[in-house]
Amino acid sequence: MLKIVDGSKSYNHNDKIINVLQPFNLLIEKGEFVAIRGKSGSGKSTLLHILGCMDQLTTGDYYFNDNKLSTNKDNTLAKFRGKHFGFVFQAYHLIKEFTALQNVEAPMAYMHTPRKLRRERALALLSQVGLEDKVNFYPKQLSGGQQQRVAIARALANQPDVIFADEPTGNLDRDNGNKIISLLCELHRQGTTLVMVTHDGDLGKIADRSIHLVDGHIKS
Ligand SMILES: Nc1ncnc2c1ncn2[C@@H]1O[C@H](COP(=O)(O)OP(=O)(O)OP(=O)(O)O)[C@@H](O)[C@H]1O
Ligand SMILES: [Mg+2]
């Protein structure tokens with residue numbers, strides 16, 4: 001489903017080339033749960049951002065279901081992302097001026113889902129993550145674990161094919177972290193492809209497969 005051929009990523013920083021991801025090939029099948037692991041600075045987020053089309057490869061090609069994406073224009077990619085991908089970040093990234101309900105509705109508004117359907121679906125998703133009694137709360141009125149559950153509901157809004165999560169439990173205590181992981185595992189059981197960056201070795205074990213990053217080299 002996701003395929004990178006001869007990919008690499010480097011940055012030009014003060015006229016020096018920094019090779020963050022050495023040339024690699026990668027295939028992620030539909031329905032897989034893949035953990036991305038490695039030390040801080042090893043390129044995990046960079047790889048996740050490339051897979052999620054938030055960043056582009058320096059060399060190589062990226063295919064989604066055999067469609068080549070790497071040459072797409074930014075605005076086409078944004079629509080593509082909105083339709084096929086959902087994102088969960090360590091720091092939640094909710095819109096602070098929006099309630100939980102409005103945060104979950106936002107990606108559907110972007111895809112022009114009719115207002116009534118948006119509302120119904122957002123309410124159903126918030127109830128799926130156990131927040132039916134918090135729909136009108138703003139992010140600052142919610143705990144970290146609750147904010148992350150809103151973020152997961154938001155990631156699911158457009159029924160994505162793939163969920164990308166970058167250390168989704170990084171800011172949470174063990175108990176809340178476990179709840180988030182159970183939720184993500186449940187989504188995976190229901191068929192969602194899941195790609196998750198994690199520092200936590202235990203989480204790596206519950207994934208179908210781990211990708212290890214060592215000094216910019218990808219070892220599957
Ligand atoms: N825009 C940029 N310009 C130059 N270097 C960058 C840029 N973005 C990232 N890097 C470098 O790429 C490397 C990998 O960064 P990345 O954020 O992918 O690491 P990470 O594995 O996610 O680390 P962490 O576990 O701390 O989140 C780092 O050395 C970083 O300095
Ligand atoms: Mg990172």
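User: What is the handedness of the crossing of helix 5 and helix 6?
Analyst: In this predicted model, helix 5 and helix 6 form a right-handed crossing. A crossing is right-handed if the near helix is turned clockwise from the far one by less than a right angle, and left-handed if anticlockwise. Helices (H or I, at least four residues) and strands (E, at least two) are DSSP runs, numbered from the N terminus.

User: Which residues make that contact?
Analyst: Helix 5 contributes Gly145, Gln148, Arg149 and Ile152, and helix 6 contributes Asn176, Ile180, Leu183, Leu184 and Leu187. Contact means heavy atoms within 4.5 Å. By class, five residues of this contact are nonpolar, three polar and one charged. Here Ala, Val, Leu, Ile, Met, Phe, Trp, Tyr, Cys and Pro count as nonpolar, Asp, Glu, Lys and Arg as charged, and the others, Gly among them, as polar.

User: At what angle do the axes of helix 5 and helix 6 cross?
Analyst: The axes of helix 5 (residues 144-155) and helix 6 (residues 174-189) cross at roughly 15 degrees and come within 9 Å. Axes are lines fitted to C-alpha atoms, for helices over the stretch in contact, with angles from 0 to 180 degrees between N-to-C directions. The two helices are therefore roughly parallel to each other. Angles under 35 degrees count as roughly parallel, over 145 as roughly antiparallel, 65 to 115 as roughly perpendicular and the rest as oblique.

User: How many residues of helix 5 are buried?
Analyst: Eleven of the twelve residues of helix 5 are buried, among them Val150, Ala151 and Ile152. Buried means under 20% relative accessible area, exposed over 50%, and partly exposed in between (1.4 Å probe, protein chains only). The buried residues of helix 5 pack against strand 6 (85-89), helix 3, helix 4 and helix 6.

User: Moving on, how do helix 3 and helix 4 pack?
Analyst: Helix 3 (residues 100-110) and helix 4 (residues 115-128) pack at about 125 degrees, with axes 9 Å apart. They are therefore oblique to each other. Their contact involves Ala100, Leu101, Val104, Glu105, Met108 and Ala109 of helix 3, together with residues of helix 4 including Arg118, Ala122 and Leu123. In this contact of helix 3 with helix 4, nine residues are nonpolar, none is polar and four are charged.

User: And Leu123, is that buried or exposed, or partly exposed?
Analyst: Leu123 is partly exposed, with a relative accessible area of 37%. Leaving aside neighbours within four places in sequence, Leu123 is in contact with Leu101 and Val135.

User: Which loop holds Cys53?
Analyst: Cys53 lies in the loop between helix 1 (44-51) and strand 4 (59-64). Its phi is near 60 degrees, a positive value in a residue other than glycine. Cys53 is buried, at 6% relative accessible area.

User: Where is Tyr92, and what is its phi?
Analyst: Tyr92 is in the loop between strand 6 and helix 3. Tyr92 has a positive phi of about 65 degrees although it is not a glycine. Tyr92 counts as buried, at 10% relative accessibility.

User: How are the residues numbered, and which atoms count?
Analyst: Residues are numbered from 1 along each chain as its sequence is written, and chains are lettered from A and ligands numbered from 1 in the order in which they are written. This is a predicted model, where local features need pLDDT of at least 70, side-chain atom pairs count only at pLDDT 80 or more, and totals for chains, interfaces and linings use all residues, while side-chain values use heavy atoms, leaving out hydrogens and water.
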